[in-house]
Amino acid sequence: MRIILLGAPFSGKGTLARNIMKDFNIVQISTGDLFRENIKNGTEVGLKAKSYMDKGELVPDAVTIEMLKERLKCDDCKNGFILDGFPRSIPQAEALKEITDIDAVIALDVPTDEIKRRCVGRRICSKCGEIYNTSSYSKPTCEKCGSPLFQRDDDNLETITLRLEVYEKTTAPLINFYADKLYVAKGSQEGPEETYKPVKNFLKGLLK
Ligand code: ADP
Ligand code: ZN
């Protein structure tokens, strides 16, 4: 199964992707994570991406699309994948069409107030990638694996405002672009498990 996840920053895409990945045995491909890895390893792609990410702007398409194309060639994508953070614009979606078919697009719908509330509190496990929020979890280490949590460099109020604007202007139009494959999931107040349940049913329905 080949899935795209759409949603504003902090809508919970990463958490939802991790749930889908486990149940449907497909890999999660986050272009944001791929960039962060490249930056950490000091690669050419990382050098190109860093200044844009620090500002909260999109990395140029030439860099992003090439990186994604290479990633999709890996063996672990054979059984399917879930794209988290790509495509982020109509031109990226057009480019993706030339690379692969897509079975479903899930758009995560979360009210803006909720997103603003989540943003500065996000913490991520440095080892297993589990995502927390300080509003509901105050420990400095991961519940699952005990490793230290960190805050992303671009999770500060200045870049967050710009990232939300970029989403509204450049990424949200993809919801219409993918109208024929779209499933809209409401981000639940009850938490990630409740958000995931209807999505799981929808995806199971596709397998029949
Ligand atoms: P979030 O969705 O929380 O903003 P991501 O980890 O998906 O975080 O992305 C972080 C940054 O990485 C973005 O602000 C952007 O600079 C860059 N990035 C990620 N995916 C793309 C993409 N598809 N196209 C261009 N830039 C991207
Ligand atoms: Zn962990």
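The shell around ligand 1 has eight charged, six nonpolar and five polar residues. Here Ala, Val, Leu, Ile, Met, Phe, Trp, Tyr, Cys and Pro count as nonpolar, Asp, Glu, Lys and Arg as charged, and the others, Gly among them, as polar. This is a predicted model, in which local features need pLDDT of at least 70 and side-chain atom pairs count only at pLDDT 80 or more, while totals for chains, interfaces and linings use all residues. Residues are numbered from 1 along each chain as its sequence is written, chains are lettered from A and ligands numbered from 1 in the order in which they are written, and side-chain values use heavy atoms, with hydrogens and water left out.

Of the 19 residues around ligand 1, those that come nearest are T31, R36, E57, G85 and Q92; a residue is near if one of its heavy atoms lies within 4 Å. Helix α2, residues 31–40, gives the largest share of that shell, four residues. Helices (H or I, at least four residues) and strands (E, at least two) are DSSP runs, numbered from the N terminus.

Now the polar contacts, meaning pairs of N or O atoms within 3.5 Å. A polar backbone atom of G85 is 2.8 Å from a nitrogen atom of ligand 1. For R88, an N or O atom in the side chain is 3.0 Å from a nitrogen atom of the ligand. K13 places a polar side-chain atom 3.3 Å from an oxygen atom of ligand 1. Taken alone, the ligand exposes 550 Å², and the protein buries 97% of that; areas come from the Shrake-Rupley method with a 1.4 Å probe.

Next, the zinc ion, ligand 2. Which atoms are its protein donors? They are the SG atoms of C125, C128, C142 and C145, lying 2.3 Å from the zinc ion, where donors are N, O and S atoms within 2.8 Å of the metal (3.2 Å for Na, K and Ca). The site is tetrahedral, with angles of 98 to 119 degrees among the four donor atoms; the label requires all angles between 85 and 135 degrees. In sequence the spacing is C-x2-C-x13-C-x2-C. C128, in the loop between β5 and β6, and C145, in the loop between β6 and β7, are 17 residues apart, and the pair links distant parts of the chain.

Those strands form an open sheet of three, ordered β6-β5-β7, with antiparallel pairing. β6 (131–133) and β7 (149–150) stand at the edges with a single partner strand each, so one side of each has no neighbour in the sheet. Strands pair if DSSP finds at least two bridges between them; β5, residues 122–125, is joined to β6 by three. I124 stands opposite I131 in β6.

Last, the backbone. The peptide bond from F86 to P87 is cis, with omega near -5 degrees.

Conventions
Polar contact = N/O pair within 3.5 Å; in protein donor to acceptor, adjacent residues only side chain to side chain. Tetrahedral: all angles 85-135°; square planar, octahedral: opposite > 155°, others 65-115°.
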